[in-house]
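This report is meant for a reader who is meeting the structure for the first time. Please look over the sequence and the model shown here before reading on.

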Amino acid sequence: MLDLLFRNVRAYDKGGIFEGDIGVKDGKIGKIGGDIQEQADKVVDLSGKIVVPGLIDGHTHMEFPFMSTVTADDFYYGTRASVAGGVTTIVDFISPPPKSDLVSAYKSWREKADKKVVSDYGLHSIIREASSENLEQISYLIKNEGVVSFKLFMAYKGELMMDDSSIYRTIKTITENGGVAGIHAENGELIDQLIRDFLREGKTEPIYHAYSRPEILEVEATNRVSSIASMIGNDVKMYIVHTSTGEAVDTITNFRKKGFHFFNETTPHYLTLSLEALKRPDAEKYVMSPPLRTDDQRVKLWERLSSGDIFTVGSDHCVYSEEQKKRFKEEVPPFNEIPNGVPGTETILPILFYFGVKRGLISMERMVEVTSYNPARLYGLYPKKGHLLPGADADIAIIDPGRKVKISTDVLHSNIDYTIYDGIEVEGWNVMTIRRGEIVYEEGQVLGKAGSGQYVKGKTPIIT
């Protein structure tokens, strides 16, 4: 007896399309076939729908302490939004307080998340400093706790930024222990100088956030960290998070052609929004780092996503309320004081499906590859996650390809009262999410309970 039986399935996986039935048993995909005859507790007819593996959002910041505040989405509200968008697993960033150790921070994140998560989740760890204690604990986190990915910052001087020597030593240690390094690639020294220059000139509007972080400083940092990592050898596994320029992607592609395992992530907001948003009356809502770029860069990113040069798409879901964005004042604060971050975990699927697949810029298979299959491999979750084959977790998103939705807070589930996609109409919407065989979202209603998600230990990243 099956627990769930999906009939008349049209499913896309990394390898192509499947049409038939999918049976679910004990939280796993049990059977795939043309006409499964076995009885099931619940049968769902998916005629007219599209089935994809549950998305893996490898870039979220729930309950994230940053810029003297904490993100508005905790692990409950954030993962409610995730499953509503077809995301069945997030990989969140542990943020150790200054001078604290990595293992203590890991335990703190588990304590916060375990009782609240609706989606399944894994963890990366931010490393602020290359102390001997931190470097020693990398091995423990990889081998004992399944934290296989570590994020290093080249920006936010005095808070998160590492110098080049520390980056070299840390990547070397991560590599020796079989992990993968994620890099926030911007030139923090020059950004700080540009910020000081603009403030001295009285240029404080949100648009100067973008002007203080020009494209070339992302490209330079990407090339610099790639050069540093290449000195360690071909065993290094590294990816650049939230890439916003085509030239930064090209830099990584060129290193990969030389045999290095270097990759790029981008986000839906860089694919759909532009610098013009930072000139709006509510521009503070659109402040994130790296900043939004030109329409020319949007085109370049779509081209590189289509070609396979961009490896993953994550949301960089880092949510602040309007009050937090304004620092609880009437007037918008200077650009350098606006908390950096925007929502996005719930809208990965409709943005990529409508603006990418529907418009012929990427295939369905490519969408699945960058949102499920590749993240599963990069973060050590494969083969448990990331595909629709027997034995894998029954993590499934079901799309109504003809459903037209005008994006607004009325249809979203995050703990804030705005969205950066407000008023944008898409065609194609997630209507059901199954996480480990349980229907956790259906037609606008989140059914999954707080704490029903599970922590998933990462294993050795499988990337070539």
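Predicted model: local features only at pLDDT ≥ 70, side-chain atom pairs only at ≥ 80, totals over all residues.

The side chain of Glu 438 meets that of Arg 435 in a salt bridge, with 2.5 Å from N to O. Arg 435, by contrast, has a relative accessible area of 1% and is therefore buried.

## Other salt bridges

The count of salt bridges comes to 36. One of them joins the side chains of Asp 197 and Arg 200 at 2.8 Å, N to O; these two residues are separated by about one helical turn, because they lie three residues apart in helix H5 (residues 188-200). Arg 200 is exposed, with a relative accessible area of 62%.

Another salt bridge is formed by Asp 309 and Arg 256, whose closest N and O atoms are 3.8 Å apart. This pair links distant parts of the chain, since Asp 309 sits in the loop between helix H10 (295-307) and strand E15 (312-313), while Arg 256 belongs to helix H8 (residues 246-257), 53 residues apart. Asp 309 counts as partly exposed at 21% relative accessibility, and Arg 256 also counts as partly exposed, at 22%. Elsewhere, a network of salt bridges links Lys 28, Asp 120, Lys 384, Lys 385, Asp 393, Asp 395 and Arg 436.

## The nonpolar cores

The largest nonpolar core holds 102 residues, and the members that touch the most others are Val 52, Ile 171, Ile 183, Met 238, Leu 305, Leu 352 and Met 367. Helix H12 (residues 348-357) contributes eight residues, the largest share of this core. Apart from this core lies another, of 18 residues, among them Ala 11, Met 432, Ile 434 and Ile 439.

What is Met 238 in contact with, once its neighbours within four places in sequence are left aside? The residues in contact with Met 238 are Ile 171, Val 180, Ala 181, Ile 183, Val 225, Ser 226, Ala 229, His 261, Phe 262 and Phe 263.

## The surroundings of Glu 322

Glu 322 is found in helix H11 (residues 322-325), and it counts as partly exposed because its relative accessibility is 24%. When neighbours within four places in sequence are left aside, Glu 322 is in contact with Lys 285, Asp 417 and Tyr 418. Thr 433 is 111 residues from Glu 322 in sequence, and the two are 29 Å apart in space, C-alpha to C-alpha.

Notes: Residues numbered from 1 in each chain as written. Heavy atoms only, no water. Core = buried A, V, L, I, M, F, W, Y, C linked by side-chain atoms within 4.5 Å. Buried < 20%, exposed > 50% of the residue type's maximum accessible area, 1.4 Å probe, protein only. Helix = DSSP H or I, 4+ residues; strand = E, 2+ residues; numbered from the N terminus. Contact = heavy atoms within 4.5 Å. Salt bridge = Lys/Arg side-chain N within 4 Å of Asp/Glu carboxyl O.
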